[in-house]
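Hi everyone, thanks for coming along. Let's look at a few local features together, and please have the sequence and the structure open while I talk.

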Amino acid sequence: MPVSPLSPDKLRRVCCQDHYQFETTAELPAQTNIIGQPRGTRAIEFGIGIQSQGYNTFVLGPTGTGRATAIERFLHERTGDEPTPDDWIYVHNFTTPHMPRAISLPPGQGVQFKAQMGQLVADLQRELPQAFASEAYKEAMEAVQRDFERQQNDLLQALQVKAAEHSLGLLNTPSGFAIVPVQDGRTIPPEIYQQIPLEQRQAIEEQRQILGEELDDVLDQIQTMGGEARRQMEQIDREVAEATSQQHFDHLQKTYADHDEMLLYLSEVHQDVLENMHDFDPPAEDGSPLPDLRRYEINLLVDNSKTTGAPVIIEQDPTYHNLMGRLEYEMQDGMVTTHFTNIKCGSLHWANSGYLIINANDLLRDIEAYEALKRALKAQNINVQLRATMHNTQVFAKSLDPEPIPLKVKIILLGSPNLYYALYAQDEDFGDLFKVRSDFDSTMPRDDAHEAEYADFVATRCHEENLRHFDRSAVARVVEFGARLAEHQNKLSTRFGQIADLVREASYWAGVNGRNTTTAADVQQAINERIYRANRMEELVREQVLDETVFISTDGAVVGQVNGLSVLDTGEYAFGQPGRITARTYMGEDGVIQIERETEMSGPIHDKGVLTLVGYLGGKYAQNQPLSLTASLTFEQNYGGIDGDSASSTELYALLSSLGNIPIKQGIAVTGSVNQRGEVQPIGGVNEKVEGFFHICQARGLTGEQGVMIPASNVAHLMLAEEVVTAVTQKQFHIWPIRTIDEGIELLTSIPAGEQAENGIYPEGTIHHAVQDRLLQLAEDLKAFGNGDDS
């Protein structure tokens, strides 16, 4: 029974706008739920709910589904009520300076404490010099000095009196006090001293030695008194500094009385201030270097003062330093050095106690970042260090080893299924660290509920991006576009990145057209404009066909020649193009020769399809006779290589036509793969293929005899352009659903395929009879030729 062409209603499933209960999307609220991914959403909810270690999530799915944005909104909605994480600060470690201490503070207190410490230093720089310049301070210091000088003078005066009794005196020389001989209160010159009788000199020297020992004792006493005086002065300094600063530290310690780490730090700061109080003195007039007070600064690493709930962070550039933080270096006195205030946080710090979303492909571009992330997850802390590739450099004269910060975070990796499988198989840590698999599909069922979710998505985009709202007809047209992206009448695409782009562009064209509300016409214009921006290559190919640079016939009938269909993908845009496939058959035993295969211009899937043809021919015609032939198949004017098996049925039709010497209608293009039993199997890109041939026929003039044969199993995938549906409605173009090769060859030739009789012979006047006869003739001729050659 001849195959009937499809009716127009089978070519495109129209979205009925009447089931929408709104006039425009302005009536719909913005939504944050993830659309059409119940399996993936359930996995994410499980991943964020379970608190055990290693339950991080890998989200599988194709790009363009809007996973990152959707997951971010989803998490924000569900985590807004979770506790806001603490602030984190780094402070100077007064015990081990190269190991800065990390302290957590309740959210908002980090910025508060940083300001308080800044104010403290400013207050001390003002108040300590004032205290040390006060009259009371000066008087206390002068009293200590006077007392010391009095005691010193008393000791020296007593020694001077005793020395005078023995014609000796106490002389203050540049090298210190000395006992010298004197006469009449004056020091005796050496040459005069030598004239004194020896016995007298010896007596003087004996006394001089005795008094020298006493002088040493006196100097020791003076030194002890000087040390005591200095201690008294230092005590006065400390008491003044303590009295001046105590109120400030009392206030801070009261503020953080419940925080042991802070109390310890404040105690250390106070002690350091008292030990280095003169670091707060005004700058010296001689331009001496100022003391470094940066040790009192606070490095506010993570400030959650403006955060509500658990943080949700998307890291767009997951390099090592962007994830783990970094140490910045500076030049001081010709030396590269660093300081704890130069510790900078990474996205792990920002996402701590929350969620971090990362694209797995981006992460794996920096393998050190991936390894560092795994170390952090296993150790449950963040360690800010130089990356491994920098450890061997010799330029850093000074570095730091900051205290690690405890880590509690949920990582959500986004990647393709192939990447997930590769990591699971090749990385022994991956399965332990990413135990939750969230599968995102590229399509979802098309029903009323999901069509309503499409409307919600459009409304959300309009609300959030201040776009013109869509009326019901515009939403229905977006739904139809989603079905076309999904390549299925009963499914909708979840590639919401592309859907969002269409919404934005349609809103733009509505504005250009002077409308405040976006209509179906604006959506269609957006689609048309998008095609126009991208289809220059398609128009060039069509032009080459129309000016007969590329040979494609759309009328008449030719033996061994069929119009096949293929899809050319230029990235953003894919289009169908016809291609002539020819077959030549002749005597020989080489079987089916596919020219592209022989010249290595074909891929393995196409080669498999060609070998399938041989199986079909053997099963159909060589049960009772040998299959002796040589046949050549080729894609004419193809210079770029081919792959895929969607043309295997087309090649088989060309072979049958050539073997049976039966012409094939050139107004019918063919697509579909075939199995060894002659069943036509589904293919991809059916819409593009049909439209590609339609446009050629339309340009040359539709005759009413033209059309495309597609696999019957592809009918549900049809979402054809309205112009094609219109032409079919007017019976100017046809789409035939084909299940078997027999149905297809009958349509192409208007000759019955034929049913095999019990004796293995096909009825005369059928395709299969003609082919079987020709194969038998080729076998007999080959045998006769061989026998004649032997004789």
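Let's start with an open sheet of three strands, in the order β4-β5-β6, whose pairing is antiparallel. Strands pair if DSSP finds at least two bridges between them. In general, strands of a sheet pair through backbone hydrogen bonds, either parallel or antiparallel.

Before going on, a word on where this comes from: it is a predicted model, where local features need pLDDT of at least 70, side-chain atom pairs count only at pLDDT 80 or more, and totals for chains, interfaces and linings use all residues. Residues are numbered from 1 along each chain as its sequence is written, and side-chain values use heavy atoms, with hydrogens and water left out.

Angles run from 0 to 180 degrees between N-to-C directions, and axes are lines fitted to C-alpha atoms, for helices over the stretch in contact. Contact means heavy atoms within 4.5 Å.

Now for a helix pair. The axes of α20 (residues 604-621) and α21 (residues 648-660) come within 9 Å and cross at roughly 45°. That makes α20 oblique to α21; angles under 35 degrees count as roughly parallel, over 145 as roughly antiparallel, 65 to 115 as roughly perpendicular, and the rest as oblique. The contact residues include His606, Leu613 and Tyr621 of α20, and Glu651 and Leu655 of α21.

Finally, two serines. Ser353 has a positive phi of about 70° although it is not a glycine, and Ser353 sits in the loop between α9 (347-351) and β13 (355-359). Ser750 also has a positive phi, near 60°, and its loop lies between α24 (741-749) and α25 (767-790). Are they buried or exposed? Ser353 is partly exposed, at 36% relative accessible area, while Ser750 counts as exposed, at 52%. Buried means under 20%, exposed over 50%, and partly exposed in between, with a 1.4 Å probe and protein chains only.

Note on methods
Helices (H or I, at least four residues) and strands (E, at least two) are DSSP runs, numbered from the N terminus.
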